[in-house]
Amino acid sequence: MTAETSAPDPTSSLLAFFGSELRRIRTVAGVSQDEAATRAHTTQSMISKVEAAKRVPSEDLAHDLDLAFATDGHFERLYPLVITYAYPSWFLPFVELEREATAMRVFESQIVPGLLQTEEYARAMLNAVRPENLDGLIAARMTRQEVFERESPPRTWFVMDENVLLRPIGGAAVMRHQLARLLQQGRDPRCVIQVVPRTVPAHAGLAGPFTVLSFEEGADVLYVDGFSQGRTALDTHEIATATYSFDLLRAVALSPDESAGLISGHLEGLER
């Protein structure tokens with residue numbers, strides 16, 4: 001049995017309140033996290049992380065918790081509030097699309113893509129803008145990475161500029177962990193990671209980061225990042241242009257094996 005994590009202050013955020021309510025109701029019922037997980041068709045780790053406000057609960061989990069503890073829709077009524085807190089209104093549609101995507105093509109020029117970030121890296125990066133809800137932002141970002149744990153994970157293709165590897169966000173120890181995470185994820189047969197070396201003077205991604213999502217049914221969707229907020233685009237011409245740009249980026253990037261070698265080289269440099 002895994003030890004339970006400490007409870008956050010329930011007044012600190014809606015996410016923490018949801019977790020505290022789960023812990024309170026579970027404790028009153030005399031149910032362990034393991035038993036709660038069995039009842040709600042999830043894992044003990046997920047129950048623990050939700051109670052500790054380290055993961056954003058899904059709508060399905062909220063529904064299953066109500067059934068597990070006969071709480072008459074209590075968790076389902078809390079869910080929309082938690083989601084509103086965890087994700088900006090302009091970003092939530094993309095998160096929902098991301099959960100359904102069967103393939104993703106992601107380009108980043110300055111930071112490690114969010115789906116590949118370690119918690120420590122995400123904390124150091126997000127803390128730079130001094131947000132009021134730092135813990136909630138980190139929990140939301142880590143929750144998005146659960147797409148890799150789906151029964152049929154999406155095929156993902158990440159291309160990033162070598163500048164991403166050179167910026168020591170969080171310091172050497174955080175970057176060592178982060179680069180090791182990239183190498184680990186790159187060994188997944190459904191995930192390709194390529195790096196555009198700094199020897200390439202200009203490339204098709206200089207305008208900024210973007211993501212193209214593909215689905216089992218329906219057209220592709222483009223997400224373009226921005227300073228204050230990103231935007232989701234459905235225009236076929238814009239999506240076609242982004243897809244072409246991604247192909248151009250793959251063409252000038254190192255191969256997956258060469259990229260792994262470059263990442264390993266930077267990792268070794270941090271270990272000296």
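Author: Two strands pair if DSSP finds at least two bridges between them; strands (E, at least two residues) and helices (H or I, at least four) are themselves DSSP runs, numbered from the N terminus. The model is predicted, so local features need pLDDT of at least 70 and side-chain atom pairs count only at pLDDT 80 or more, while totals for chains, interfaces and linings use all residues. Side-chain values rest on heavy atoms, with hydrogens and water left out, and residues are numbered from 1 along each chain as its sequence is written.

Reader: How do you know that β1 and strand β4 (residues 210–214) pair, and in which sense?

Author: DSSP finds 5 bridges between β1 and β4, against the required two, so they are paired. The sense is antiparallel, and Phe107 stands opposite Phe210 in β4.

Reader: What makes β2 a partner of both strand β1 (residues 103–108) and strand β3 (residues 191–196)?

Author: The bridge counts do. 6 bridges join β1 to β2 in parallel, with Phe158 in β2 as the bridge partner of Val106. Another 6 bridges join β2 to β3, again in parallel, and Met160 stands opposite Val195 in β3.

Reader: Why are β3 and β6 (231–233) called edge strands?

Author: The open sheet has 6 strands in the order β3-β2-β1-β4-β5-β6, with mixed pairing. β3 and β6 each pair on one side only, which places them at the edges. Neighbouring strands of this sheet are turned by 15 degrees against each other on average, direction ignored.

Reader: Which strands does helix α11 (residues 236–252) lie across, and at what angle does it run to β4?

Author: Helix α11 lies across β1, β2, β3, β4, β5 and β6, running at about 110 degrees to β4. Helix α6 (residues 92–100) lies across β1, β4, β5 (221–224) and β6, at about 50 degrees to β4.

Reader: Why is helix α1 called oblique to helix α3?

Author: The axes of α1 (residues 14–28) and α3 (residues 44–51) come within 7 Å and cross at roughly 120 degrees. Angles under 35 degrees count as roughly parallel, over 145 as roughly antiparallel, 65 to 115 as roughly perpendicular and the rest as oblique, which makes α1 oblique to α3. Their contact (heavy atoms within 4.5 Å) is made by Phe18, Gly19, Leu22, Arg23 and Arg26 of α1 with Ile47, Val50 and Glu51 of α3. These residues divide into 4 nonpolar, 1 polar and 3 charged.

Reader: How do you know that Ala70 is exposed?

Author: Exposed means over 50% relative accessible area, buried under 20%, and partly exposed in between (1.4 Å probe, protein chains only). Ala70 has 67%, and is therefore exposed. Ala70 belongs to the loop between α4 (59–69) and α5 (74–86), and has a positive phi of about 50 degrees although it is not a glycine.

Reader: What makes Asp72 count as exposed?

Author: Its relative accessibility is also 67%, so Asp72 counts as exposed. Asp72 is found in the loop between α4 and α5, and its phi is near 55 degrees, a positive value in a residue other than glycine.

Reader: What is the span of helix α10 (residues 172–186), and what covers its buried residues?

Author: The expected span is 1.5 Å times one less than the number of residues. Helix α10 has 15 residues and reaches 21 Å from its first C-alpha to its last, close to the 21 Å expected. Its buried residues include Val174, Met175 and Leu179, and among the elements covering the buried residues are α7 (119–127), β2 and β3. Strand β2 (residues 155–161) is itself mostly covered, with 5 of its 7 residues buried.

Key:
Axes are lines fitted to C-alpha atoms, for helices over the stretch in contact, and angles run from 0 to 180 degrees between N-to-C directions. Ala, Val, Leu, Ile, Met, Phe, Trp, Tyr, Cys and Pro count as nonpolar, Asp, Glu, Lys and Arg as charged, and the others, Gly among them, as polar.
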